[in-house]
Amino acid sequence: AFLRSPKEREAVSPAVLIDCIRELEALQQRPMTSAFAQLAVAGNWSLLLSTSPSLAMPSGAPSAVSLARALQIIDVDNNKLANVAQYAHVPSRTTGQLVVQCKLGFDQKASSRLHIELGEHQLIPGLPLRGSDNEPLSEGKAPSDISAVVNDLRRVLPMEFFDPDSSLQDVTYSDPDMRIVRFMDQNRFGVLNVFIRNRIDQNKKLANIQVA
């Protein structure tokens, strides 16, 4: 249960977290049909944690990006998946959402294996940041240097989240509220992502995200 609590996750070592994830994986009963597998992954999810090596690289400087949430929206009816990062970019004083649109496929032989192909990246301006006097610091428009925002986002997001192209992802554990994914392709082999399902009231905040 503590995997769902940010404070409790921060209180334990990475090794303990990995051990807990492996215990959950050992309990997994693989879906027997592709329909069950699709039902298990469909919907809106928040990324709880990732073992991506890209997150372990020293940045050498304070981050220019503050991440509000990293989300994954899966539309199994249309074979589409979108990774969404909601952020505030300090240098440009803007907020927004980076949307990574992808094509989703399910393995014919292993129903719990997902095939992901990258479609496109979209940067959607958000609400303006506000200063200490509550005056807007930006107008909610796109930043003047979009490439700088994207590069800064790449430094704080798991590379597997930012660029999941040609990835193979095994759902190694799933219950109604949690999903564990292990990457199986050569370039990302062994990387783990843990997601928790978003509730209905939270999904209202995602109304302007379209899985294109």
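Predicted model: local features only at pLDDT ≥ 70, side-chain atom pairs only at ≥ 80, totals over all residues.
**Strand S3 and its neighbours**

In the hairpin formed by S2 and S3, where four residues lie between the strands, Asn79 takes a positive phi near 55°.

Let me take the pairing on the S2 side. Strand S2, residues 65–75, runs antiparallel to S3, and the two are joined over ten bridges. If you want a point of reference on the screen, look for Ala70, which stands opposite Ala85 in S3.

Now the other side. S3 also pairs in the antiparallel sense with strand S4, residues 94–106, again over ten bridges. Here the reference pair is Asn83, which stands opposite Val100 in S4. The hairpin of S3 and S4 has four residues between the strands, and in that hairpin Arg93 takes a positive phi near 55°.

How many of the ten residues of S3 are buried? Nine of them are, so that the strand is mostly covered, with buried taken as under 20% relative accessible area.

Is His89 buried or exposed? Its relative accessibility is 3%, and because the cut-off for buried is under 20%, His89 counts as buried.

For contrast, let me move to a loop. Asn187 is placed between strand S7, residues 178–183, and strand S8, residues 192–197. With a relative accessibility of 73%, Asn187 counts as exposed, because the threshold for that class is over 50%. As for its position relative to another part of the chain, the C-alpha atom of Asn187 is separated by 10.0 Å from that of Leu168, and the two residues are 19 apart along the chain.

I will finish with the aromatic rings. A search of the whole structure returns zero aromatic pairs. Which rings does Arg179 sit over? One is Trp45, where Arg179 lies over the face at 4.6 Å from the ring centre. Another is Phe195, where the charged end of Arg179 sits over the ring, 4.4 Å from its centre.

Technical notes:
Residues numbered from 1 in each chain as written. Heavy atoms only, no water. Phe/Tyr/Trp six-rings, centres within 6.5 Å; stacked < 30°, edge-to-face > 60°. Lys NZ or Arg CZ within 6 Å of the ring centre and 35° of its normal. Buried < 20%, exposed > 50% of the residue type's maximum accessible area, 1.4 Å probe, protein only. Pairing = 2+ DSSP bridges.
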